[in-house]
Amino acid sequence: MLTIALALMVAQDAPEDLVRKLGVDDYAEREKATEALRKLGPSAEAALKKGQESEDPEVRARSKALIEELKPQATPRRPKPMAPFGQGFRGSSVSVQTFNGDSTYVITPGDGTPALTFRKAAAGDVKLEYQDDAGKAQTAQAKSLAAFLKEHKDLAAKYGVSEEGIDYAGARVSFKPVQNPFGGGFRFNFGRRGPWPLEDEEKKEAPKPGFEAVSDALRAQLGLPEGQGVLVSRDEAAPGLRKHDVLLEIDGRPVGSPAEARKASSAVSLTIFRKGQRETLRVAPRKDF
């Protein structure tokens, strides 16, 4: 038995190795390392603090999120029911972190019940992390949101997960993107209820352009030279382009600004980054763009 225990200890990755794996290309491997660090708890804190200083933006973002999870939760005061709805509690909050299209939604109820975490990958995979009635940590996964709603119908109903977002413990969050998915960041929602999105927000939302400047995080991740590369922010911004493509060249000429990218509508060939791969598209010019 002692020999087996020693073998398991040797086989287990050290916290520093797990932190490095937070930035690997494979999404499943990143999630596996994240879960392993979460289970290590405070013993991984020193390695995670070093991870916040990493040159890899993915390692920095995941290390910061894990350190936030490790912070002790203050004992909540007895909440008052939220008026006028009669459901939920004041103080419930939502945080949203999005990086490279992978989003993490954390709802912290104001009534002291355990926090709920929902992870939604750019590739489609989703995972719910919650505590069962016995207080034991549990997870439920699926290959897509639609599959999750079908395969885990009872959990979806219990925790308010739907195609639009999550409605749980007096707080709501939408699955609609709140900013450039390559840029990362947080959004907080305190005890807010209503449709997705709220009508006044919908009216203020400006029309989305077809191209955006590349963020520093994306430029560093793809190794793009300064002054080259434009992010495609909607499908068919020009023939053949998809949302989240990075436009590099038009007919062999480097592209460095959204204004230059509009010339893609009359191009014969486009060089892009798509899902981490460099590709050249042969397209027919479109005159009505």
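Predicted model: local features only at pLDDT ≥ 70, side-chain atom pairs only at ≥ 80, totals over all residues.

Trainee: Fine. Which residue in E5 does Lys127 stand opposite?

Mentor: Lys127 stands opposite Gln141 in E5.

Trainee: How many bridges join E4 to E5?

Mentor: There are 6 bridges between E4 and strand E5, residues 137-142, and the two run antiparallel. They form a hairpin with 5 residues between them. Gly135, in that turn, has a positive phi of about 85°.

Trainee: And what about E3 and E4, how many bridges there?

Mentor: Strand E3, residues 116-120, is joined to E4 by 4 bridges, and these strands run antiparallel. E3 and E4 also form a hairpin with 5 residues between them. In the turn, Gly124 has a positive phi of about 115°.

Trainee: How many residues of E4 are buried?

Mentor: 5 of its 6 residues are buried, so E4 is mostly covered under the cut-off of 20% relative accessible area.

Trainee: Switching to rings. How many aromatic pairs are in the whole structure?

Mentor: A search of the whole structure finds 5 aromatic pairs. One of them is Tyr130 with Tyr159: the ring centres are 5.4 Å apart and the planes are at 45°, so the pair is tilted.

Trainee: Where do those two sit in the chain?

Mentor: Tyr130 is in strand E4, residues 126-131, and Tyr159 is in helix H7, residues 153-159. They are 29 residues apart, and the pair links distant parts of the chain.

Trainee: Is Tyr130 buried or exposed, and why?

Mentor: Tyr130 has a relative accessible area of 15%, and buried means under 20%, so Tyr130 counts as buried. Tyr159 is buried too, with a relative accessible area of 5%.

Trainee: What else does Tyr159 form an aromatic pair with?

Mentor: Tyr168. That pair is edge-to-face, 5.4 Å centre to centre with 65° between the planes. Tyr168 is buried, as is Tyr159.

Trainee: Which residues do ring pairs link into a cluster?

Mentor: Tyr105, Phe118, Phe148 and Phe175 are linked that way.

Trainee: Last one: which residue lies over the face of Phe175?

Mentor: Lys120 does, at 5.7 Å from the ring centre.

Notes
Residues numbered from 1 in each chain as written. Heavy atoms only, no water. Phe/Tyr/Trp six-rings, centres within 6.5 Å; stacked < 30°, edge-to-face > 60°. Buried < 20%, exposed > 50% of the residue type's maximum accessible area, 1.4 Å probe, protein only. Lys NZ or Arg CZ within 6 Å of the ring centre and 35° of its normal. Pairing = 2+ DSSP bridges.
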